There are 2 protein chains.
Amino acid sequence: MSSLTKDKKILIVGLGLIGGSYAEALTDKGYEVGAIARRQETIDFAVNKGIISHGETEVRCEYVSQFDIIVFALYPEVFKAWICENQKFIKNGAVLTDVTGVKRSVVYDVQNMLKDGIEFIGAHPMAGKEVYGVENSDKAIFKNANYIVTPTDKNTEDAIELCECLGRELGFRAVSRLSPEEHDEMIGFLSQLTHCIAVSLMCCKESERLVDYTGDSFRDLTRIAKINDAMWSELFMLNRDELLDQMELFIAKFNELKCCLENGDVDKMRALMRLSTERRKFFDK
Amino acid sequence: MSSLTKDKKILIVGLGLIGGSYAEALTDKGYEVGAIARRQETIDFAVNKGIISHGETEVRCEYVSQFDIIVFALYPEVFKAWICENQKFIKNGAVLTDVTGVKRSVVYDVQNMLKDGIEFIGAHPMAGKEVYGVENSDKAIFKNANYIVTPTDKNTEDAIELCECLGRELGFRAVSRLSPEEHDEMIGFLSQLTHCIAVSLMCCKESERLVDYTGDSFRDLTRIAKINDAMWSELFMLNRDELLDQMELFIAKFNELKCCLENGDVDKMRALMRLSTERRKFFDK
């Protein structure tokens, strides 16, 4: 059933920064994109900007049932509740995907509650900005970013490929496949741990007078300290065990460096610095 | 004696990235800039690029004695050794300054060993790149950066003002005055601690396969993990007590966030996130 052809109608549920950017990218590629958002102004803005063809604020059977692909760009718990209440409106054969930043705690629950004939395949677009809302939608955020698809035993190869194809249509630089568990470990380290570090660093001192003394390093390390506390605390709690493991790994490494300094072990300190320099080279764009 | 007029001849000792960028900025402003570097190719490159008027690889009295202002862009220990051996060549009334990233362990030592009639005033240009050498010189690195002057009781107001004026001529966005102690605390937190964090984070895991899953946050937090191990280990050791204090402060805050996660204290977690968000706003450019 499911190859990604231009006749597929795509519904975006939740029209914030990510949902809006999906809509923009897919409309530009020639798909018919609809949306469901809470506020009429959001829909009006998106229609006027030409990033969706149409949209609604209510969840109605006549509207939802016309779509072949549905992308959920909602907070994890809101997403699960939506599926529970409204999956009855989704048409047979539809493929569902999401943009949620944690997977174990979402993918299996959603797959287990789904009715027969529709398939959910998790995905995580590793893109964002420090601003929110459909007004800031920008498909360019996907350009140098990564897209991870997280299939389980319940997924068909057709749906997995459709979801990967969606990532490529959106313009991501790389599309990868990981299990929900691998994903959560990876994201616990690469994304959640880094946000914990940035928040902690920013909480250390009053910042107003620091600005005149700072170099770029502090600025870089705290960019993500401007954080949506509702969303990130939910994501942290949904990946708690994994994130705690990653935090402990980091503390162990940080203490290793601290011990070098305490003991005046310059050779080991330099070895750690050379290791970090070597490893960082893979990330040069 | 010491106001910064265009007839002042300026010597840069050490023509790496920072020394070269100073030379470029000051030559462009119309000063006569000379240099001492270890290798003839460095001098030739800088003369051909028009960023210095002339330069030498030996430290000769006839050359050194013509300069009114001398900027030392050397590693801390090399700088001290240079002063010890060669200050006899420096002319009466000259003002010396530096670019060293730590101050307590440098400024007092240098001031104590100086002969009468010359004055040293410490300064720290908070600018850099992840590349080295005169070939990468670029006065643009000063544009959005801060410049800190670190006077002591031994300094005259004239020399302090000359040094501040130099920072403005170089094009820094802000020129500030701190004691060497205040400077080292500030830099221990803003710069050295952030480098420790970046190095530790990069040392946590093999990085090759992380590249396809990473978002911008990990990239931002590890930019400075590409680090000159010789220079930074020396700077860390010269600011050891202060840096250890800052590392402990950070660990305490990081553990505070970790406890929230362990205890499921979402309210406190969100309060920390809101605090970090609020404080980070001062850093928006």
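This is a predicted model: local features need pLDDT of at least 70, side-chain atom pairs count only at pLDDT 80 or more; totals for chains, interfaces and linings use all residues.
**Helix H11, chain A**

H11(A) covers residues 266-280, which is 15 residues. From first C-alpha to last I get 21 Å, close to the 21 Å expected at 1.5 Å a residue.

Next I asked which residues of H11(A) are buried. My list reads Met269(A), Leu272(A), Met273(A), Ser276(A), Thr277(A), Arg279(A) and Arg280(A). A reminder to myself on the spacing: an α-helix has 3.6 residues a turn, so residues three or four places apart point the same way.

What do those buried residues pack against? In chain A, the partner is helix H10 (240-263). From chain B I noted helix H7 (180-203), helix H8 (216-222) and helix H9 (229-238).

**Asp109(A)**

I then moved to Asp109(A), which sits in helix H5 (residues 104-113) of chain A. Buried or partly exposed? Asp109(A) comes out partly exposed, at 35% relative accessibility. Its side chain makes a polar contact of 2.8 Å with the side chain of Lys80(A). I also checked Arg173(A), 64 residues away from Asp109(A) along the chain: their C-alpha atoms are 29 Å apart.

**Cysteines**

How many disulfides are there over all chains? I count zero. Cys61(B) is partly exposed, at 32% relative accessible area.

Technical notes: Residues are numbered from 1 along each chain as its sequence is written. Chains are lettered from A and ligands numbered from 1 in the order in which they are written. Side-chain values use heavy atoms; hydrogens and water are left out. A disulfide is a pair of cysteine sulfur atoms within 2.5 Å. Buried means under 20% relative accessible area, exposed over 50%, partly exposed in between (1.4 Å probe, protein chains only). Helices (H or I, at least four residues) and strands (E, at least two) are DSSP runs, numbered from the N terminus. The expected span of a helix is 1.5 Å times one less than its number of residues. Contact means heavy atoms within 4.5 Å. A polar contact is a pair of N or O atoms within 3.5 Å; within protein, one must be able to donate a hydrogen and the other to accept it, and residues adjacent in sequence count only if both atoms are side-chain atoms.
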